[in-house]
Amino acid sequence: MHKSLLVGNFKMNPTSQEEVDQYLAVLKREAGNKRFTRVEAILCPPDVFLSKFDTLPEGFHSGAQNMFWEKSGAFTGEISPAMLKSLGIDYVILGHSERRALFGETDEIVKQKVDAALKHFLVPIVCVGESRVERDQGQLDTVLQRQLQSIFAGVSKLQAGEIVLAYEPRWAIGTDILPTTSEILQVRILIKKILGELFDGATAEKTRVLYGGSVKHAFLAAVSWEAQMDGVLVGRESLSPYEMIKMAESLEAAESEHV
Ligand code: PEP
C-alpha cells in the first residue's frame with residue numbers, strides 16, 4: 001500500500017535531554033490512539049538522542065540526519081551505517097543542502113553514502129535541488145540531471161526503487177519562500193523523466209519523491225498531494241510535536257481520500 005512520508009529533520013536541535021523527553025511526552029500524548037496506517041512519519045533527531053526515539057507511536061519511526069560511508073575505523077567524529085542499523089534505524093537523510101554548503105559534501109561524497117546506505121539496508125532519503133542563482137539562470141534541469149545521475153550510477157533497478165528523493169530547492173529552505181504547486185509538480189515530472197531515462201518507467205514510478213523547504217501545515221496540501229508528491233521533508237516545524245501530529249493527520253486523511 002502506498003504511504004505518504006513525513007520526514008522531520010531536527011537539525012542541531014533540541015539542545016538538552018530534558019527537551020527531548022518533553023517532545024516525546026507530548027508526541028505520545030497527542031498521538032493518543034490515533035491510527036496512522038497510511039503515513040510513515042520519520043523523526044530525525046541529532047544522533048546523540050536517537051536511542052530515546054526507540055518507542056514511538058504507531059506510524060512513527062526514527063531516522064538519522066547523516067552518516068559516513070565506512071563501517072568502522074579511524075574516522076573521528078563519524079557515525080557508520082552499521083551503527084545506525086544496530087540501533088534499529090531504517091532511514092537516513094543524505095546530501096542535505098546544509099551538508100553540501102557548510103561541510104563540503106560533493107555529489108561524489110553523497111554518492112558514496114548512498115551506496116553505503118543501500119549496502120546496509122538503510123533507506124536513503126537523498127536531498128537534491130537547485131540554488132536561486134541556478135534556477136534564475138535556467139539550470140534547474142542540468143542540476144537535477146547531474147545530481148540524479150550521480151546518485152543512481154551503478155544502482156540496480158530494484159535498489160533504485162528503495163531510494164527516496166527529497167526535492168529541496170535551496171532557496172526555499174529556512175526562508176518561508178516556497179515554489180508554487182505547479183513548479184513542484186514540474187520538478188516531479190522532470191525527476192520521473194530523468195529516472196525513466198536512467199532505468200525505465202516502472203522504476204521511475206516506484207521511486208518516491210518528497211518536497212522540502214519551509215513546509216508548514218498551512219502549505220501541506222499545496223506542496224504535497226496537490227503537487228503529486230509522496231510526502232514532505234520538514235525542518236523547523238518538525239520541532240513541534242503538535243505540528244508533526246497535525247501534518248500526519250492531514251496526510252493520513254489525504255491518502256484515505258485517494259484510495
Ligand atoms: C530542511 O532543513 O530540510 C528544511 C526543509 O527546513 P525548513 O523546513 O525549516 O525550511
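I began with the lining of the largest cavity, which I sorted by class into 2 nonpolar, 4 polar and 3 charged residues. I note that this is a predicted model.

**The cavity**

I searched the whole structure and found 1 cavity of 30 Å³ or more. The largest cavity holds about 30 Å³ of space. Helix 3 and strand 5 (123-128) are the elements that give two or more residues to its lining. I listed the lining residues of the largest cavity as Gly-95, Ser-97, Arg-100, Cys-127, Val-128, Gly-129, Gln-147, Glu-168 and Arg-170.

I then turned to the largest pocket, where I read about 560 Å³ of space. Its lining comprises 19 residues, and those closest to the pocket centre are Pro-46, Asp-47, Gln-65, Asn-66 and Arg-99. By class, I recorded 9 nonpolar, 5 polar and 5 charged residues in the lining of the largest pocket. Helix 3 (residues 97-102) contributes the most to this lining, with 3 residues.

**Helix 11**

I checked the length of helix 11 (residues 241-258) against expectation. Its 18 residues, at 1.5 Å a residue, should span 26 Å, and the end C-alpha atoms lie 26 Å apart, so the two values agree.

I next asked which residues of helix 11 are buried. They are Pro-241, Glu-243, Met-244, Ile-245, Met-247, Ala-248, Leu-251, Glu-252, Ala-254 and Glu-255. I traced what the buried residues of helix 11 pack against: the strands are strand 1 (4-9), strand 2 (39-44), strand 3 (60-64) and strand 8 (231-234), and the helices are helix 1 (17-31) and helix 10 (220-223).

Key:
Residues are numbered from 1 along each chain as its sequence is written. This is a predicted model: local features need pLDDT of at least 70, side-chain atom pairs count only at pLDDT 80 or more; totals for chains, interfaces and linings use all residues. Side-chain values use heavy atoms; hydrogens and water are left out. On a 1 Å grid over the protein atoms alone, a cavity is a set of points where a 1.4 Å probe fits but cannot get out, and a pocket is an open set with protein on both sides within 12 Å along at least five of seven lines; lining residues have an atom within 4 Å of a point. Grid points are joined across faces, edges and corners, and a volume is the space filled by probe spheres set on the points. Helices (H or I, at least four residues) and strands (E, at least two) are DSSP runs, numbered from the N terminus. Ala, Val, Leu, Ile, Met, Phe, Trp, Tyr, Cys and Pro count as nonpolar, Asp, Glu, Lys and Arg as charged, and the others, Gly among them, as polar. The expected span of a helix is 1.5 Å times one less than its number of residues. Buried means under 20% relative accessible area, exposed over 50%, partly exposed in between (1.4 Å probe, protein chains only). Contact means heavy atoms within 4.5 Å.
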